[in-house]
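Please read the following report alongside the sequence and the coordinates. The text moves from single residues to the ligand site and then to the chains.

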Amino acid sequence: MMDAIAHWFKWLSNQHGINYSVFFDNYDQTLFLKGLKTTIILSLACIALSILVGLIGAWLQGSRIRAARVGTAMFVQFFRNTPPLVQLAFFYYAVSALLPTVTDSFGAQTPLINNLGWAIISFSLFAGAFNIEIFRSGIEAVPSAMTEAAESLGYTRFQIYRIVVIPIAFRICLPSLGNNLVNLVKTTTLAYAIGVPELLYASAQIWSEAMNVREMMVLLLITYVALVAILVAVMQRWEKSLRVPGYVS
Amino acid sequence: MRPVQSSSLPVLLTPNRTARDPLPSLTAIIQSRLLFVSLLGTFFISCGISAAYSAAGAQPSLSILDVLLKWAPLVFGGFLFNIAVSIASMALGTASGLLLGLGQISPSRPISKTSWFLTQFFRNSPWLVLLFFAMFLLPFDLKIGSVTVPLPAWFKAIIGLALPVMANVAEIVRGGIKSIPLSQWESAESLAFSRRQILWQIILPQAFKRMIPPWMNLYAILTMATTLISVVGIQDSMTLTKAALVAEGRLDLYLPFYMMLLLMFFAYCYPIARLTQSLESRVAVKF
Amino acid sequence: MQPLITISHVEKSFGTMPVLRDISMTIAKGECACIIGPSGSGKSTLLRCINGLVPVTSGSILVDSIEVNDPHLDKLALRRKVGIVFQQYNLFPHKTAIQNIAMAPIHVLNRPKDEAYENARRLLAKVKLSEKADAYPGELSGGQQQRVAIARSLAMNPMVMLFDEVTAALDPETKKEVLFTIRDLAAEGMTCVLVTHEMGFASEVADHVYFTDGGRIVEAGTPTEIFKAARNERTRAFLSQVL
Ligand SMILES: Nc1ncnc2c1ncn2[C@@H]1O[C@H](COP(=O)(O)OP(=O)(O)OP(=O)(O)O)[C@@H](O)[C@H]1O
Ligand SMILES: [Mg+2]
């Protein structure tokens, strides 16, 4: 089966000059798949971390300490209103220069955090800033009457959050959270700029060798649309499993 | 209502300001001031950190602030180029997006299906990939009849950025139109308006108000995305910042230089975000 | 007999605006007290104060010898004694009817699960909703939701139930279901304090009626005294408008 596909694409390349080298050239295929793997790892790590940032930030924004609230608000506004690419450069070139280096297994000096690490940190903070806003507005959208009812039943503050506010707020948030995560996956392509071997970077390597920009471009776009489609499907599935009959959030 | 003493008031000043003040509220202004001040604070602190680091090594010839001021005009020029690109892409993307959005609600199935597909495709592709797409796949020059117009790289970049803008505008237009209740269509139809008349005279004017906040939001996103053109080799503020840093060759400059660039964008995008927010809440109140 | 609730000289203001002024009343065990009065006269605020949802500014509220106006008030102990039902049901939308009822006993009173659910089932039968045990609030009518809300409060085994305009959002037909539920409760000897605009219902079930206006109790008495022979000018004006 795989052979047949490779064979067909080889024929397509020879006969019509449409060169999808990824399907028959071993070297290009490995490069592309590695790139895909890096993109997926990068995306998953950023999704997890950005949600964590969002939860912590939303919690800090509800804090009684004014400094915590103002600090969080500043973080959110700053990361939302500056270009993610410049943020990435800021971390990778500027912050990284301030950190000590470590000695690697070959005895050479390498930075404490590599480019993939900085990409993860940078994008997580960027998307996390949006998540904070999303979670906060979700919590605010829970009617105060609901918390009052829980209070009058004798729930503690913590119980009210855990049993009533968070489950309802989460259902309200889920669509916007999905949107933001889709954006996050698209944003991972910026890691190209600091040489992280993700999908775009790998593809650029391939097309500069095999001279098949057109084909790689089509493949790249299809791959990203597919990745986004998978994420959307997962989010919708999740939304559906949490849906409560008769309740529109 | 206070009595209007028209003679004593300048003509431009409306004597009775309504409850919903068109200007941002005082607290909002103070809050944003506070934010600006604290961000500037962070900026100088970052200068300080860098200075402390460099103090450990050899004493540099120029202070960080001097170097910063030396390069600031150049970087700012690059920043203005980013803004110019954002305006051009927004114009192009809005015009084509409007067509694509209207195409989605076209009664002709082939048109609506194609428009829908194009919208989804460009909306879900990464901006950087679309930019590469335009840079590599658009021809070097355009032949219109016998005239050959060269397509410079910056123009291709504008098109590349306009593609995702187009798809997002299309979605905004569709969403805006869909948000007008069906009863508006029906009542207009019952008054014998044609489809085109209903759309342009009844639906779009109402939908327009709701489309403005997301449209402005999109513009801010686009402005920040214009830095991507540095990745495909066009000189903008990002490229110039890098070039300046290479020319100076001092590690302690990285933090303040990138901070300066971040702040330029912040100073432009944050007010847009505030305005969007206040418009949004006003729209929410009205409907 | 010792009254169950003793309210003496309670004052409450939001900021500088006084909402309750010098409120005093006593409610005996098994009594049904009705509070009537124009909108904004502080009826809801009074109920919230009894339940400790809002703190009073001064004065004293004793509920079965628990002082509500006390910085060291044990809120849990108070809320086990006092149940409250709101105008807008306020059921938890992500839990089924029976879960809504069983939740608080499980989480707050640490009752075993099966015992809590068994009790919940009994209460659902009591409000005549046994067949809706597994329905979500969004799938119930307003009247049904309100009866679940009543059952939810009853599950905590309170000594007194507070009802805040529980039928105001319902149509006349469903109103009746809820009113009958409350009437049965009162007949069983549950101590009830209810704020209502249903004058007919009030005169039927109440032992005492209080008329409030501008944060004060203007007049109090038996239903007959208030509805048939109000002495106060303000009370008569209000009643002539609503009756
Ligand atoms: N949390 C609050 N903050 C400030 N003012 C409040 C608050 N809650 C109530 N008030 C004010 O207190 C006054 C009394 O309100 P309350 O809800 O007790 O009236 P009510 O008698 O229940 O009226 P209704 O019949 O409309 O329910 C009103 O003027 C209201 O505006
Ligand atoms: Mg009330």
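Ser65(C) counts as exposed because its relative accessibility is 68%, where exposed means over 50% relative accessible area, buried under 20% and partly exposed in between, with a 1.4 Å probe and protein chains only. Ser65(C) sits in the loop that joins β4 (58-63) to β5 (66-67) of chain C, and its phi is near 65 degrees, a positive value in a residue other than glycine. Helices (H or I, at least four residues) and strands (E, at least two) are DSSP runs, numbered from the N terminus.

The model is predicted, so local features need pLDDT of at least 70 and side-chain atom pairs count only at pLDDT 80 or more, whereas totals for chains, interfaces and linings use all residues. Residues are numbered from 1 along each chain as its sequence is written, chains are lettered from A and ligands numbered from 1 in the order in which they are written, and side-chain values use heavy atoms, with hydrogens and water left out. The model scores ipTM 0.89 and pTM 0.79. Chain C averages a pLDDT of 90, and 100% of its residues score at least 70, pLDDT being the predictor's confidence in each residue, from 0 to 100.

A positive phi is also found at Asn90(C), a residue other than glycine, with a value near 60 degrees. Asn90(C) belongs to the loop between β6 (82-85) and α3 (97-107) of chain C, and it is buried because its relative accessible area is 9%.

In the loop between β8 (191-195) and α7 (199-205) of chain C lies His197(C), which is partly exposed, with a relative accessible area of 39%. Not counting residues up to four places away in sequence, His197(C) touches Gly37(C), Lys43(C) and Glu165(C), where contact means heavy atoms within 4.5 Å. His197(C) and Ala151(C), 46 residues apart in sequence, are 22 Å apart in space, C-alpha to C-alpha.

| Residue and polar atom | Distance to an oxygen atom of ligand 1 |
|---|---|
| Ser41(C), backbone | 3.2 Å |
| Ser44(C), side chain | 2.5 Å |
| Thr45(C), side chain | 2.5 Å |

On its own ligand 1 has 630 Å² of accessible area, and the protein covers 58% of it, areas that come from the Shrake-Rupley method with a 1.4 Å probe.

In chain A, Ser203(A) is part of helix α8 (residues 199-210) and counts as buried because its relative accessibility is 0%. Leaving aside neighbours within four places in sequence, Ser203(A) is in contact with Phe32(A), Met216(A) and Leu220(A).

Between chains, two pairs touch, and the most contacts are between chains A and B. Chain B and chain C do not touch, their nearest C-alpha atoms being 21 Å apart.

How values were computed:
Polar contact = N/O pair within 3.5 Å; in protein donor to acceptor, adjacent residues only side chain to side chain.
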